[in-house]
Amino acid sequence: MAAPSLSSTINSLSTLSLPTSSRFSLPPNRLPILSKSNHHHHHHPTLSHSSPIPKCKPSDDIDTSFFDSVNPNDDIAFNPPEPPEGFVAPPSFDDGPLEAEDEIATAYEELYGPAYSGVSLLGNDVFVMDSKLKKDTGFGSGAKKEKLRDGFEERVVQVRRVTKVVKGGKQLRFRAVVVVGDKKGQVGVGVGKAKEVIAAVQKSAVNARRNIIKVPMTKYSTFPHRSDGDYGAAKVMLRPASPGTGVIAGGSVRIVLEMAGVENALGKQLGSNNALNNARATVVAVQKMKQFREVAEERGIPMEELWK
Amino acid sequence: MTKRYWNIILEEMMGAGVHFGHGTRKWNPKMSPYISAKRKGIHIINLIRTARFLSEACDLVFDAASGGKQFLIVGTKKKAADSVARAAIRARCHYVNKKWLGGMLTNWYTTETRLQKFRDLRRQQKTGRLHFFPKRDAAILKRQLAHLETYLGGIKYMTGLPDIVIIVDQQEEYTALRECITLEIPTICIIDTNCDPDLADISIPANDDAIASIRLILNKLVFAICEGRSSYIRNS
């Protein structure tokens with residue numbers, strides 16, 4: 001059976017020996033902070049996909065203000081500017097002679113470099129894309145790269161063994177729930193499943209980095225006001241506290257708040273006690289919060305009115 | 001944004017049939033501001049709005065191209081595939097004219113693996129190494145190369161994610177549009193009467209069925225890209 005090997009892998013990760021039940025809920029403090037997953041183009045040999053999506057932020061050059069602000073129900077006039085002197089309509093792309101393949105290849109190569117075309121007519125290196133991708137991590141250095149990259153700390157909330165029953169038997173996989181945060185107001189919750197615990201933790205860390213939210217905090221490291229959030233059957237209530245209180249919350253709620261950098265808060269899990277759903281519910285609750293300054297701006301009243 | 005003259009003539013557009021929409025029953029009510037009339041069971045698109053949107057889109061494309069941005073043209077309809085390829089080659093842009101593989105942009109990491117394989121196969125073909133393989137292996141590699149050429153041939157010069165994506169038919173390329181939305185890439189779409197104008201960032205209400213209409217719109221956009229590129233080359 002797979003049970004002995006599983007417990008040994010878990011034991012290798014934590015100093016505490018765990019009961020071999022089918023649900024491994026590892027207490028958070030015992031696990032070491034595992035290595036951060038890769039960023040952009042670094043390449044781990046163990047994982048098939050590990051780079052987060054490089055998101056294109058809406059760049060400043062592309063100015064879509066006309067299209068954002070146009071109201072289609074208004075009367076939109078079409079007043080083209082005058083054609084310049086001697087304007088000759090350009091030929092359609094279908095007319096005109098077909099360019100030779102070499103000319104096309106040279107033109108593209110001038111613009112983009114040889115990229116993935118396999119041929120280079122201008123004398124550039126054909127394998128130029130390789131240097132941008134691979135960063136081989138040898139076995140020794142891979143294990144040592146436990147440093148935290150780009151400022152985010154990871155904490156594993158829960159690792160569970162889940163099964164899929166097929167004709168041949170049971171297929172076991174591990175599902176890891178990880179909370180990622182810098183202690184300055186940014187947190188993310190992620191899930192990942194894989195056949196090995198470490199791989200699952202890495203996948204979930206990648207997933208967590210994709211869904212990061214910002215926690216509004218006051219200068220005493222607490223929330224601006226109470227809020228509830230729910231996700232599924234999990235309901236979480238968060239309440240600010242005076243400095244010196246610490247984080248008084250259970251399980252995954254505490255981990256999320258700690259990784260966000262909130263130092264004084266009260267939280268309660270009403271409803272289900274599922275770790276993943278509670279983590280997601282805290283995220284929902286935190287997203288509902290607004291700073292006093294924002295509300296004052298939105299409503300157009302000075303902040304003193306809000307405290308009445 | 002500088003307003004330039006893009007040679008958009010309303011009579012030309014009517015001649016190409018840009019104003020014909022789809023059948024009345026298949027419309028999307030969100031398109032009602034852009035529909036001017038209903039004739040013989042087909043919606044007629046308001047060409048003045050189309051012309052205005054098209055000129056604004058051309059301005060935007062011109063500015064982006066003069067900033068050195070990368071474009072991607074997506075059009076997989078059988079009718080339009082050929083013209084999309086020619087237009088993109090003319091404008092020196094990337095294009096997808098056969099099936100849009102799911103995750104081409106969101107799973108760019110994996111697409112890059114395929115592109116690398118494509119490049120290696122091309123290299124082997126050019127250096128003639130395929131003759132050293134036994135016949136069966138060589139045939140398998142040639143077939144793989146042919147497959148990769150059809151699907152990834154247009155994006156073989158793409159080093160990263162594009163900056164602007166031009167989509168020809170929104171219904172057909174719904175997956176591509178969704179990918180661009182998750183990645184927050186601005187999109188230019190040709191919207192017909194059965195499409196949703198809110199999904200794309202820049203929507204041009206026009207006919208997406210007739211080849212002439214697609215050609216016309218692509219012509220204008222390609223012209224804008226070429227102009228932008230030449231000004232970029234002149235400035236840098």
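**Close-up 1. Helices α2(B) and α7(B) are roughly parallel to each other.** In this predicted model, helix α2 (residues 47-66) of chain B packs against helix α7 (residues 211-235) of chain B at an angle of about 30 degrees, and their axes are 7 Å apart. The pair is therefore called roughly parallel (angles under 35 degrees; over 145 is roughly antiparallel, 65 to 115 roughly perpendicular and the rest oblique). Axes are lines fitted to C-alpha atoms, for helices over the stretch in contact, and angles run from 0 to 180 degrees between N-to-C directions. Helices are DSSP runs (H or I, at least four residues) numbered from the N terminus.

**Close-up 2. Residues of α2(B) meet residues of α7(B).** Contact means heavy atoms within 4.5 Å. On α2(B) the residues include B:Leu54, B:Cys58 and B:Phe62, and on α7(B) they include B:Ile217, B:Leu221 and B:Tyr232. The contact comprises 10 nonpolar, 3 polar and 3 charged residues (Ala, Val, Leu, Ile, Met, Phe, Trp, Tyr, Cys and Pro count as nonpolar, Asp, Glu, Lys and Arg as charged, and the others, Gly among them, as polar).

**Close-up 3. Helices α7(A) and α8(A) are oblique to each other.** The axes of helix α7 (residues 251-260) and helix α8 (residues 275-287) of chain A come within 8 Å and cross at roughly 40 degrees. A:Ser252, A:Val253 and A:Val256 of α7(A) make the contact with A:Ala275, A:Asn278, A:Ala279 and A:Thr282 of α8(A). By class, 4 residues are nonpolar, 3 are polar and none is charged.

**Notes.** Residues are numbered from 1 along each chain as its sequence is written, and chains are lettered from A in the order in which they are written. Local features need pLDDT of at least 70, side-chain atom pairs count only at pLDDT 80 or more, and side-chain values use heavy atoms, with hydrogens and water left out.

Notes
Helices (H or I, at least four residues) and strands (E, at least two) are DSSP runs, numbered from the N terminus.
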